[in-house]
Amino acid sequence: MKEFDYVIIGGGCAGLSLAYELEINDKLKNKSLAIIEPRPEYKRDKTWSFWKVFDHNFEDCVIKSWNHFSINISDNSQELKSEKYPYQSIDSGKFYKKINSKLYSNNNIQFFKNINEIETKNSIIFNSVINGKKDTSKLWQHFQGIEIETSKDIFDDKILNLMDFNCDQKNDVHFFYTLPYSKNKALIETTWLSSLEDKTLMDYDLQLDNYIKNNLGIKIFKINYKEKGAIPLFYPDTEKQIKKIDIGSIGRMTRLSTGYTFLNIQEHSKYIRKNIDNIENVKIFELGKKYQFLDKVFLKVLKNNPDRMPEIFYKMFTNPSNIVIKFLSNKTNIFEDLRIISKMPKWIFIKALIN
Ligand SMILES: Cc1cc2nc3c(=O)[nH]c(=O)nc-3n(C[C@H](O)[C@H](O)[C@H](O)COP(=O)(O)OP(=O)(O)OC[C@H]3O[C@@H](n4cnc5c(N)ncnc54)[C@H](O)[C@@H]3O)c2cc1C
């Protein structure tokens with residue numbers, strides 16, 4: 001069986017981002033790479049959105065960038081602005097196409113459906129596949145989004161709605177999210193922060209239909225595209241192995257308080273590319289102990305006080321928007337962290353810290 005210098009298990013966001021980063025920086029000229037990916041074909045299946053706090057390789061896959069965003073709770077709403085850090089959405093269909101057409105032009109790169117088709121004894125393995133059963137009792141961000149189109153111009157496409165808490169929260173945390181791509185096209189998502197055990201939270205089609213008709217006042221629309229997902233707000237277990245480096249969600253690239261992962265994956269890919277010749281000996285790339293600690297406390301607060309979360313998210317955004325964006329993108333200094341923390345309700349955070 002054939003052997004490769006590098007093996008990437010999972011040709012999804014992290015696997016392909018890494019392969020592309022290596023390829024465009026000439027790291028695969030004299031090295032071979034196998035990508036293991038079972039999916040029969042690539043098509044648009046996700047929309048990756050994030051604040052662009054640094055440059056990335058996929059500007060040509062961006063559906064739209066916004067400098068304005070809003071947040072709504074039952075008795076208040078605020079509009080925020082950031083010229084410095086636009087919010088961007090990436091079309092995964094374009095992303096897969098761009099990367100795959102580049103990778104196919106290098107004969108040192110080969111695709112396989114199953115790891116058993118190659119020899120891996122001496123290879124460096126980059127793994128993005130989560131093994132084992134889903135732990136449904138833990139906290140997840142689960143959601144469904146639909147891209148709708150209307151015959152008339154309805155949306156203000158200059159401003160996205162990051163969180164609209166004007167909806168039934170049940171005993172969890174629930175909000176809607178609207179990304180207006182144009183005046184008559186938008187991606188609208190229903191998002192829950194909860195365990196995956198209560199199936200009554202998952203009538204997403206109905207939730208979206210009610211929200212679009214009753215909250216947005218849009219009675220007639222066409223659905224162009226649908227996506228659905230569940231992001232673990234905990235780190236799934238992974239087996240430690242010599243010569244194996246976890247990447248993507250299994251590589252702990254998700255910010256547990258928000259689910260944001262895409263830009264962290266890009267940063268991780270750059271780190272691996274810079275250190276590729278010595279990757280077994282450099283330290284494991286992490287989002288930072290500080291954010292891991294703060295997110296742990298935040299998620300404890302969320303679990304114990306779901307009813308307070310709309311107010312807590314809202315208060316966080318009363319800080320200058322660039323600071324909040326940097327905080328959510330793991331780029332704050334200690335003074336900026338303190339500003340964020342100072343806006344939080346003290347007692348419930350102290351209680352979460354003590355317990
Ligand atoms: C619908 C959706 C929307 C999201 N939106 C955002 C967002 O807006 N912003 C953000 O920052 N994050 C978002 N995320 C979170 C995160 O960015 C994505 O989950 C991202 O795709 C994670 O990349 P990954 O490579 O770890 O996993 P994936 O992209 O899922 O890649 C894993 C790959 O492994 C393959 N695979 C599965 N089993 C095997 C096997 N046995 N052997 C080999 N390969 C296998 C899969 O087919 C897949 O291609 C979203 C997630 C989902 C599900």
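Reader: In strand E1, which residues point the other way from Tyr6 and Ile8?

Author: Strands (E, at least two residues) and helices (H or I, at least four) are DSSP runs numbered from the N terminus. This is a predicted model, in which local features need pLDDT of at least 70, side-chain atom pairs count only at pLDDT 80 or more, and totals for chains, interfaces and linings use all residues. Residues are numbered from 1 along each chain as its sequence is written. E1 spans residues 6-9, and opposite to Tyr6 and Ile8 point Val7 and Ile9.

Reader: In E9, which residue is the bridge partner of Ile8?

Author: E1 and E9 (residues 124-127) are paired in the parallel sense, over four bridges. Within E9, Ile8 is bridged to Phe126.

Reader: Why does Phe262 count as buried?

Author: Phe262 lies in helix H4, residues 262-274. A residue is buried if 20 or more other C-beta atoms, placed from the backbone, lie within 10 Å of its own, exposed if 12 or fewer, and partly exposed in between. Phe262 is buried because its C-beta neighbours inside 10 Å number 24.

Reader: How far apart are the C-alpha atoms of Phe262 and Asn100?

Author: Along the chain, Phe262 and Asn100 are 162 residues apart. Their C-alpha atoms are separated by 18 Å.

Key. Pairing = 2+ DSSP bridges.
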